[in-house]
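Colleague: I would like to learn how to read a few features of a protein model. Could you walk me through them?

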Amino acid sequence: MIGGYLGSGKSTLVNRLLSGALPGRTAVVVNDFGSVNIDADLILSAEGGTIELSNGCICCQLSDDVSRTMRALAERRDLDNVICEVSGVGDPGELAAWRSYPGFAPGPVVVCADATAIVRLSHDQYVADTVRRQLGSAEFVLITKTDLAMPGNVAEALAACDSAAPQAFVVQQDPVDPRLTAAQLFASEVRPSAAAGSVVDDAHTDVHSTCTVAVPGPIDVDSLQRALSAQSERLVRAKGIVQDAAHRWHEVHLAAGRVEVSERVPGAPAPAAARLVLISAGADRIADLERARTELLDAVGIALVTMPGRENCPIGVPETHPLLGKRSADLPNLVNQ
């Protein structure tokens, strides 16, 4: 099980595991394929809710019936590992019980913690309870983004995770060879802990709101990147895909105050539409979302367009999913990383 707060590096870890960091054939259960950037040259075939990769691994899209997904995987005789990615605001402890589903042997609950942000997040007025509950469910905590952090930041992150997750093994990601760390982590044998599987009622899981914004036509990607950087105080996460004037697709991410824009792998399937997902937290989250959305669209010079059927888009209405935990009804597929 892979958990961790928004932008902590869960999908990056999933991609490393899918690309062969684990021995044997691996199935990854995700909320939507859009949350995992699978390299085009790895895709062998795609049909229904499954993507088959050329290295023997598969990526499964979660259905509404969790037991159906798990049963289908358990009935396969050609898999060595099954990994489930939990929502960025979900509690992996609520998912841990599925490790005992008939046909599976329990593996570790891994929670990712961004070395550049975990100390701040664990003391944030609005999201600290969510972050600490995720860490409290961990059997392993993986300190990620060590290549972006100063040595002092890494030491502080290790101390914060040791304090919040005394039951867990805290592992620092190798900044030079993160694939090696991932492989070693999931090769470890671990006895399921009492913490994993616990459910704590916590009103702070409902402090997040999201907005999905359609982006019609090509835009100036550099302008969008600058505009997103200006919204880093209002948004805890942003994620999406847009098209530039040359009709090239770009993935856009805002996490821990950093904006990253990267061109999609040539040959990857074209998205159905360009869109951005904005996520805010705190008492003023709805006002922050509305202002961020308006200023972003002004910055790239397009009129406001909401997603079809999303007239009340600025207000993300939380809902509970039996596998992925709390997420927004406005964006079931991009809140995962």
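Predicted model: local features only at pLDDT ≥ 70, side-chain atom pairs only at ≥ 80, totals over all residues.

Colleague: Let's begin with cysteines. How many disulfides are there?

Modeller: A disulfide is a covalent bond between the sulfur atoms of two cysteines. In this model the count is zero.

Colleague: Next, cavities. How many cavities of 30 Å³ or more does the search give?

Modeller: Rolling a probe the size of a water molecule over the atoms shows where empty space is left. Here the search gives two cavities of 30 Å³ or more. Let's take the second largest cavity, with a volume of about 40 Å³.

Colleague: Which residues line the second largest cavity?

Modeller: Its lining is made of Val213, Leu276, Leu278, Arg293, Leu296 and Leu297. Strand S14 (275-281) and helix H9 (285-300) are the elements that each give two or more residues to this lining. The largest share, three residues, comes from H9. By class, the lining has five nonpolar residues, no polar ones and one charged.

Colleague: Arg293 is in that list. Which residue does Arg293 form a salt bridge with?

Modeller: Its partner is Glu290, and the closest N and O atoms are 2.9 Å apart. Arg293 is buried at 5% relative accessibility, while Glu290 is partly exposed at 31%.

Colleague: How many salt bridges are found in the whole structure?

Modeller: The search finds eleven. One of them joins Glu139 and Arg99, with the closest N and O atoms 2.9 Å apart. Glu139 lies in the loop between helix H5 (128-136) and strand S8 (140-144), and Arg99 in the loop between helix H3 (92-95) and strand S7 (110-114), so this pair ties together parts that are 40 residues apart in sequence.

Colleague: Is Glu139 buried or exposed?

Modeller: Glu139 is buried, at 2% relative accessibility. Arg99 is buried too, with a relative accessible area of 6%.

Colleague: What about Asp114 and Arg258?

Modeller: Their side chains meet in a salt bridge at 3.6 Å, N to O. Asp114 lies in strand S7 and Arg258 in strand S13 (residues 258-263), so the pair ties together parts 144 residues apart in sequence. Asp114 is buried, with a relative accessible area of 5%, whereas Arg258 is partly exposed at 24%.

Colleague: Which residues are linked in a network of salt bridges?

Modeller: Look at Arg25, Arg76 and Asp78, which are linked in such a network.

Key
Residues numbered from 1 in each chain as written. Heavy atoms only, no water. Disulfide = S-S within 2.5 Å. 1 Å grid on protein atoms, 1.4 Å probe; cavity = no way out; pocket = protein on both sides within 12 Å on 5 of 7 lines; lining within 4 Å. Points joined across faces, edges and corners; volume = space filled by probe spheres on them. Helix = DSSP H or I, 4+ residues; strand = E, 2+ residues; numbered from the N terminus. Nonpolar A, V, L, I, M, F, W, Y, C, P; charged D, E, K, R; others polar. Salt bridge = Lys/Arg side-chain N within 4 Å of Asp/Glu carboxyl O. Buried < 20%, exposed > 50% of the residue type's maximum accessible area, 1.4 Å probe, protein only.
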